Amino acid sequence: MHHSIEVHNLSFSYPDGHPALRGVSLTIAPGEKAAIVGPNGAGKSTLILHLNGILPVPIPQVWVAGQGQVTICGLPVEEKNLGRVRAAVGLVFQNPDDQLFSPTVYDDVAFGPLYQSLPSAEVEARVTAALAAVRMEPYARRVSHHLSSGEKKRIAIATVLSMQPEVLVLDEPTAGLDPRARRGLITLLRQMPITMLISSHDLAMVRELFPRMIIMDEGRIVADGPTLELLADENLLEDHGLEKP
Amino acid sequence: MHIHFLDPYRPRTSPVHALDPRVKLVLTLAYILTAALTPIAAWPVYILLFSIILSVEILSGLGVGFVLKRAALSLPFVLAALPVIFTNGGKALFSLPIGSWTLTVYAEGLGRFFSVALKSWLSVQAAIVLASSTPFPDLLQAMRAIRIPRLLVAIFGLMWRYLFVLVDEALRLMRARAARSGVIAETGHRSGGSVTWRAHVAGGMAGTLFLRAFDRSERIYLAMVSRGYDGEIRVLPMAAVGSLSWLVLGLGLFLLILLLLFGFFWG
């Protein structure tokens with residue numbers, strides 16, 4: 001049995017020379033739900049982009065190549081495995097506007113299955129199931145441009161659910177949502193029986209949903225353990241710019 | 001994820017970089033005008049024009065290779081002048097039979113074509129040196145200083161500012177597409193979808209990008225109006241042009257006029 005996500009000694013620098021990740025190691029077991037927390041610029045989003053092989057970009061002048069190894073469900077993340085890794089990891093970007101690039105909601109949710117060249121009946125079934133999972137079935141023919149932030153967020157999650165990934169990775173899922181949309185999203189995430197790794201500043205949600213918490217700061221993992229234990233350590237939270245919820 | 005590599009400006013410490021942007025802009029425009037006005041097939045003048053731009057390139061520390069590589073961008077546009085070879089009278093060089101047609105190449109047409117190609121190549125080099133040795137905001141100020149209509153300058157400025165934002169936006173859309181381009185491991189199954197479907201997706205992305213740009217322009221305009229924008233972008237006035245800059249400007253223009261006269265005399 002493989003771990004869902006294995007990150008071994010990962011380092012990465014942006015082209016301006018700023019090191020974003022310095023020797024990060026991390027293992028997520030199947031079925032586990034974990035949250036990465038930490039201040040802005042701690043490297044959370046950079047780490048998440050590595051899980052899908054979006055970083056490092058193979059353009060030498062633009063990016064400084066990373067070091068270390070990321071393995072998803074037993075597959076090393078490298079050029080020849082990218083397609084399969086991307087099918088296994090459903091990555092939901094922080095800004096749903098980045099995620100939704102098609103004219104209608106249906107087109108966006110169907111993109112993943114269509115790219116995998118699945119038969120059209122299967123595509124249809126997956127889109128329906130994904131929209132049902134986020135309770136957005138009536139929105140299939142809507143234009144995503146005109147939806148509210150909360151609606152866009154749900155559609156963004158549906159666009160990766162339709163690929164039936166093994167791991168769901170969300171970058172700051174509750175950022176910018178009003179209390180009702182946030183509550184709805186928390187209920188939604190609670191009901192999903194899938195391995196989940198998120199990054200967030202919303203410690204109240206982390207306490208509610210994620211038994212495991214990983215604190216990152218300045219490109220390093222500074223603490224990794226049960227959420228309730230870490231949240232009880234006020235000195236630790238304060239040292240890394242976090243506030244007890 | 002940000003895009004910096006589009007900016008043509010290359011910081012160096014050279015006399016060309018240090019020259020007043022207004023003087024540089026005027027001299028560049030004068031150079032391009034001279035190249036455009038020089039009569040057809042005035043080869044010695046072309047060689048002199050080339051030697052001028054070559055010396056500026058060497059002086060600027062940008063590297064001749066750098067400029068020439070970028071100047072290759074102008075080559076595809078030269079193709080537009082290709083029909084000139086066949087459409088002029090004068091001495092026929094040779095004929096190419098194409099099916100029932102015959103294309104005749106004329107000596108004068110050939111000279112004309114090479115003149116156009118050389119002129120555009122030289123002009124593009126001058127523009128590249130200007131853009132690579134002057135930060136864009138300075139260039140905009142210089143445009144205002146030489147009385148280019150402010151609406152035009154404002155459009156240049158906003159285009160420059162938001163081009164990068166738009167490229168970032170496009171990159172994020174492409175990243176989102178890449179993130180969901182999964183492949184099934186089953187043997188014998190080809191992923192990727194059909195070509196028409198992929199074209200359809202790309203079209204959708206272009207449309208999305210257009211809508212976002214449109215929305216953003218509306219928001220930017222409102223943000224500008226709310227800060228008192230009335231159709232003009234005001235900037236602090238530039239310092240007066242120094243005497244050395246005047247001298248460079250005078251000498252440069254004098255040289256270009258001499259070249260032009262020589263060109264007409266030769267032609």
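This is a predicted model: local features need pLDDT of at least 70, side-chain atom pairs count only at pLDDT 80 or more; totals for chains, interfaces and linings use all residues.

**Entry 1: helix α3 of chain B.** I began with the length of α3(B), residues 43-60. At 1.5 Å a residue, its 18 residues should span 26 Å, and I found the end C-alpha atoms 26 Å apart, which agrees.

Which residues of α3(B) are buried? I listed Val45(B), Tyr46(B), Leu49(B), Ile53(B), Val56(B), Glu57(B) and Ser60(B). They cover an arc of only 115° around the axis, so they sit on the same side of α3(B). On the other side I found Trp43(B), Pro44(B), Ile47(B), Ser51(B) and Ser55(B) exposed.

Then I asked what covers the buried residues of α3(B). The cover includes α1 (15-18), α2 (21-37), α4 (64-71), α7 (107-133) and α11 (243-266) of chain B.

**Entry 2: chain A as a whole.** I counted 10 helices and 10 strands in chain A. Its radius of gyration is 18 Å, close to the 18 Å that the globule rule gives for 245 residues, so chain A is as compact as a globular protein of that length. Along the principal axes, its C-alpha atoms fill a box of roughly 50 × 40 × 40 Å. Of the 245 residues in chain A, 44% are buried. Among contacts in chain A with a separation of 6 or more, 65% join residues 24 or more positions apart.

**Entry 3: helix α6 of chain A.** I repeated the length check on α6(A), residues 149-161. Its 13 residues should span 18 Å at 1.5 Å a residue, and the end C-alpha atoms are 18 Å apart, which agrees.

Why call α6(A) largely enclosed by the rest of the structure? I call it that because 10 of its 13 residues are buried. Among them are Lys152(A), Lys153(A), Arg154(A) and Ile155(A). The buried residues of α6(A) pack against β6 (89-92), α3 (96-99), α4 (105-115), α5 (120-133), β7 (167-171) and α7 (179-190) of chain A.

**Entry 4: where the chains meet.** How many residues of chain B are in contact with chain A? I found 25, in contact with 26 residues of chain A. On the chain B side, α9 (150-179) and α10 (195-225) each supply at least two residues. That side of chain B divides into 12 nonpolar, eight polar and five charged residues.

How values were computed: Residues are numbered from 1 along each chain as its sequence is written. Chains are lettered from A and ligands numbered from 1 in the order in which they are written. Two residues are in contact if their C-beta atoms, placed from the backbone, lie within 7 Å. Helices (H or I, at least four residues) and strands (E, at least two) are DSSP runs, numbered from the N terminus. Ala, Val, Leu, Ile, Met, Phe, Trp, Tyr, Cys and Pro count as nonpolar, Asp, Glu, Lys and Arg as charged, and the others, Gly among them, as polar. The expected span of a helix is 1.5 Å times one less than its number of residues. A residue is buried if 20 or more other C-beta atoms lie within 10 Å of its own, exposed if 12 or fewer, and partly exposed in between; C-beta atoms are placed from the backbone. The arc is that of the directions from the helix axis to the C-beta atoms. The radius of gyration is taken over C-alpha atoms; the globule rule is 2.2 Å times the number of residues to the power 0.38.
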